[in-house]
Amino acid sequence: SDGECMSLNCYVVPFLGGQCGECNEDADCVGGGCTPPNPFESNGSTCNMGEVGGGCESTEVCQDGLFCGNVLDLLGLIQINTCGECETDADCEAGVTICAPVVDVAAFSGINTCIVPGTLAQDSFCQLDPGNGNDACMSGICSTVDIMGLAQIGSCGECNTDADCMGGTCTPGEFLLDTGTLVGSTCG
């Protein structure tokens, strides 16, 4: 709880616990937002200046021209929201780039940015339907990764079913909760 911290700010990440830090909401920060702690490391939450990648609860705390957007959502409980350059494909160059979350799950960070379709590498986080994950991945496949039967997220992979493996077998991707490592599906 807040009272357990010298800063009086305990940032709680559901299922993963709380960590003392500079803030637990944007209102605790002057001129920017609150970046959550990384649950895979023992760092606390920090205030930012609304820069690209800075944590946020609303666009108002982001610098001019940036939007506060969700880059990762697990069951609506564990979320990463940051200031980025786009919210939707309409914010990008029509017919040239798409808006996609570029997420580093292990660093518990990411941004929504305009990318050329087909540029996210194997094992990269991608948006499942109704998102543009298939378009964003080099392989053209945003594979479904099941997290202990509780949630599903997307990872660029080689397959969704055995039919994608030209006679081989599709091994589903996985999320290693202890390290935050995301692994896309592979054909074998």
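Is valine 12 buried or exposed? Valine 12 counts as exposed, at 53% relative accessibility. Here buried means under 20% relative accessible area, exposed means over 50%, and partly exposed lies in between, with a 1.4 Å probe and protein chains only as cover. This is a predicted model: local features need pLDDT of at least 70, side-chain atom pairs count only at pLDDT 80 or more, and totals for chains, interfaces and linings use all residues. Residues are numbered from 1 along each chain as its sequence is written, and side-chain values use heavy atoms, with hydrogens and water left out.

**Strand β1 and valine 12**

- Valine 12 sits in strand β1, residues 10-13. Strands (E, at least two residues) and helices (H or I, at least four) are DSSP runs, numbered from the N terminus.
- Valine 12 and isoleucine 78 are 66 residues apart in sequence. In space, their C-alpha atoms are 9.8 Å apart.

- Strand β7 covers residues 98-104 and is mostly covered: five of its seven residues are buried.
- β7 pairs with strand β8 (residues 109-115) in the antiparallel sense, over seven bridges. Two strands pair if DSSP finds at least two bridges between them.
- The hairpin of β7 and β8 has four residues between the strands. In this hairpin, phenylalanine 108 takes a positive phi near 55°.

**The three-stranded sheet**

- An open sheet of three strands runs in the order β9-β11-β10, with antiparallel pairing.
- Its edge strands are β9 and β10 (142-147), and each pairs on one side only.
- β10 and β11 pair in the antiparallel sense over six bridges.
- Valine 145 stands opposite isoleucine 153 in β11.

**Loop residues with positive phi**

- Aspartate 123 has a phi near 75°, a positive value in a residue other than glycine. Its loop runs between β8 and β9 (125-126). Aspartate 123 is partly exposed, with a relative accessible area of 33%.
- Methionine 166 has a positive phi near 45°, and it too is a residue other than glycine. Methionine 166 lies in the loop between β11 (151-156) and β12 (170-171). Its relative accessible area is 82%, so methionine 166 is exposed.

**Cysteine 170**

- Cysteine 170 has its place in strand β12. Cysteine 170 counts as buried because its relative accessibility is 13%.
- Cysteine 159 is eleven residues away from cysteine 170 along the chain. The C-alpha atoms of the two are separated by 6.0 Å.

**Surface patches**

- Patches are made of residues with over 30% relative accessible area and no salt bridge; like charges are joined within 9 Å, and nonpolar side chains (Val, Leu, Ile, Met, Phe, Trp, Tyr) within 5 Å. A salt bridge is a side-chain nitrogen of Lys or Arg within 4 Å of a carboxyl oxygen of Asp or Glu.
- Asp2, Glu25, Asp28 and Glu57 form a negative patch. Asp and Glu count as negative and Lys and Arg as positive, while His and the chain ends are not counted. The place of a charge is CG of Asp, CD of Glu, NZ of Lys or CZ of Arg.
- Aspartate 28 lies in the loop between β2 (17-20) and β3 (34-35). Aspartate 28 is partly exposed, at a relative accessible area of 31%.
- Met148, Leu150 and Leu177 make a nonpolar patch of about 320 Å². Accessible areas come from the Shrake-Rupley method with a 1.4 Å probe; for residues, only the protein chains shown count as cover.
- Leucine 150 is found in the loop between β10 and β11. Leucine 150 is exposed, with a relative accessible area of 51%.
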